[in-house]
Amino acid sequence: MQFTRILPKELVHRSAAAEVFLTDAERHSEDEIRLAARFPRRHAFYDDTLGPRTHHDPFLLLEACRQAIFVVAHRYLDIPLGRKFLLRSVEFAVPDPAALVRGDRPTEAVVTTRVEHRFRTRTGVTGLRLRFALTIGAREALLARIDYSWMPPEDWTRLRAGQRGALGLPDVPVALRGPRVDPALVGRRAPANTVISPPRVASDGTHTAHLVAETTHPTLYDHWVDHVPGMLELEAFRQLALPAAVAAGRVRTPSALPVALTARFRCFAEMDLPLECRTAPVLPGADIECALRQPGAVAAEARIRLADPVTSGWARALAAAAHDAA
């Protein structure tokens with residue numbers, strides 16, 4: 001497989017070449033496709049951390065898997081480029097911490113992708129469940145599973161109009177503005193890479209903040225969409241879970257990495273409604289549970305496990321993540 005030229009931007013639904021991480025794809029059987037990925041030495045969003053830049057952010061690897069869902073649909077199932085896509089659920093685990101250690105050159109990886117299930121209606125296949133194993137060298141760096149679906153543009157328009165109309169919203173959203181958290185509290189250097197408001201902490205340890213959707217962000221809003229993208233919702237969960245985990249003594253610093261995650265997207269998160277992100281109380285030995293709520297509905301829910309690479313808890317958390325992924 002080649003790692004020198006990226007796949008066409010439109011194939012992975014990206015606008016900027018710098019945001020395309022896949023470089024090749026080969027079909028090995030009816031249900032197995034292998035893709036090549038190349039990660040930059042430094043990325044303005046995924047590598048923005050106050051901690052040592054010794055390990056890849058698992059969210060960067062997850063983004064490569066997310067881009068793969070479009071390649072599988074368009075190139076191997078002949079789904080037209082004009083179709084609209086929806087993330088239904090995402091999960092991942094980091095089975096091998098050593099695989100995340102970055103070198104002094106761009107990282108090359110192979111993403112083995114298997115079709116686990118085809119979702120069908122009377123019109124044919126309308127979605128897939130894909131399982132991913134992303135390897136760097138001989139090591140498995142990420143195991144993931146994504147459920148997603150697609151629809152014609154006219155069906156998408158009706159779906160969006162129905163939800164926004166039921167909420168009393170106009171056709172074209174304008175993202176709500178609001179204060180942002182101090183980047184150091186969520187392990188970031190750049191204020192532009194923060195996506196939540198300053199958290200409020202209840203007596204039981206519950207953390208609550210509002211998601212802040214900045215539609216000019218070059219990674220999270222690489223191109224215009226009329227709702228909050230799924231990866232932005234996951235980032236909000238991560239950024240709220242970090243100070244909650246630090247406060248509960250689960251990790252030492254807010255530069256901890258997510259080593260396991262499961263998330264389900266319930267409905268569109270509307271950027272022109274208040275979006276409240278809340279953690280459950282952080283319990284010893286348990287993953288951190290988060291929910292994203294907008295008026296009238298839960299938009300998404302997630303469970304996330306964090307670990308600090310510089311502590312012994314890193315190995316324990318990764319061993320638990322590997323067990324869950326098995």
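The following questions and answers explain how several terms apply to this predicted model.

Q: What makes strand 1 and strand 2 a pair of strands?
A: Two strands pair if at least two bridges are found between them. Strand 1 (residues 22-29) and strand 2 (residues 32-39) are joined by 6 bridges, so they count as paired. The two strands run antiparallel, and serine 29 stands opposite glutamate 32 in strand 2. A hairpin of 2 residues leads from strand 1 to strand 2.

Q: How do you know that strand 5 pairs with strand 4 and with strand 6?
A: The requirement is at least two bridges. Strand 4 (residues 107-121) and strand 5 share 11 bridges in the antiparallel sense, while strand 5 and strand 6 share 10 bridges, also in the antiparallel sense.

Q: What lies between strand 5 and strand 6 in their hairpin?
A: There are 2 residues between them, and glycine 137 in the turn has a positive phi of about 65°. Strand 4 and strand 5 likewise form a hairpin with 2 residues between them.

Q: Why is the pair of phenylalanine 21 and tyrosine 46 called edge-to-face?
A: Here the distance is 6.4 Å centre to centre and the angle between the planes is 70°. Because planes over 60 degrees apart count as edge-to-face, the pair receives that name. Tyrosine 46 lies in the loop between strand 2 and helix 1, 25 residues from phenylalanine 21. Phe21, Phe39, Phe45 and Tyr46 form one aromatic cluster.

Q: How do you know whether phenylalanine 21, phenylalanine 39 and tyrosine 46 are buried or exposed?
A: The relative accessible area is 1% for phenylalanine 21, 0% for phenylalanine 39 and 6% for tyrosine 46. Buried means under 20%, so phenylalanine 21, phenylalanine 39 and tyrosine 46 are buried.

Q: What makes arginine 160 a charge over the ring of phenylalanine 268?
A: Arginine 160 lies over the face of phenylalanine 268, at 4.3 Å from the ring centre. The limit for the distance is 6 Å, so the value of 4.3 Å meets it. Arginine 238 lies over the face of phenylalanine 59, at 4.2 Å from the ring centre.

Q: What makes up the lining of the largest pocket?
A: The lining divides into 20 nonpolar, 6 polar and 10 charged residues. The largest pocket holds about 780 Å³ of space. Among the residues closest to its centre are Phe85 and Trp156. Strand 3 supplies the largest share of this lining, 5 residues.

Technical notes: Residues are numbered from 1 along each chain as its sequence is written. This is a predicted model: local features need pLDDT of at least 70, side-chain atom pairs count only at pLDDT 80 or more; totals for chains, interfaces and linings use all residues. Side-chain values use heavy atoms; hydrogens and water are left out. Helices (H or I, at least four residues) and strands (E, at least two) are DSSP runs, numbered from the N terminus. On a 1 Å grid over the protein atoms alone, a cavity is a set of points where a 1.4 Å probe fits but cannot get out, and a pocket is an open set with protein on both sides within 12 Å along at least five of seven lines; lining residues have an atom within 4 Å of a point. Grid points are joined across faces, edges and corners, and a volume is the space filled by probe spheres set on the points. Ala, Val, Leu, Ile, Met, Phe, Trp, Tyr, Cys and Pro count as nonpolar, Asp, Glu, Lys and Arg as charged, and the others, Gly among them, as polar. Buried means under 20% relative accessible area, exposed over 50%, partly exposed in between (1.4 Å probe, protein chains only). Rings of Phe, Tyr and Trp (its six-membered ring) pair if their centres lie within 6.5 Å; planes under 30 degrees apart count as stacked, over 60 as edge-to-face and the rest as tilted. A charge sits over a ring if NZ of Lys or CZ of Arg is within 6 Å of the ring centre and within 35 degrees of the ring normal.
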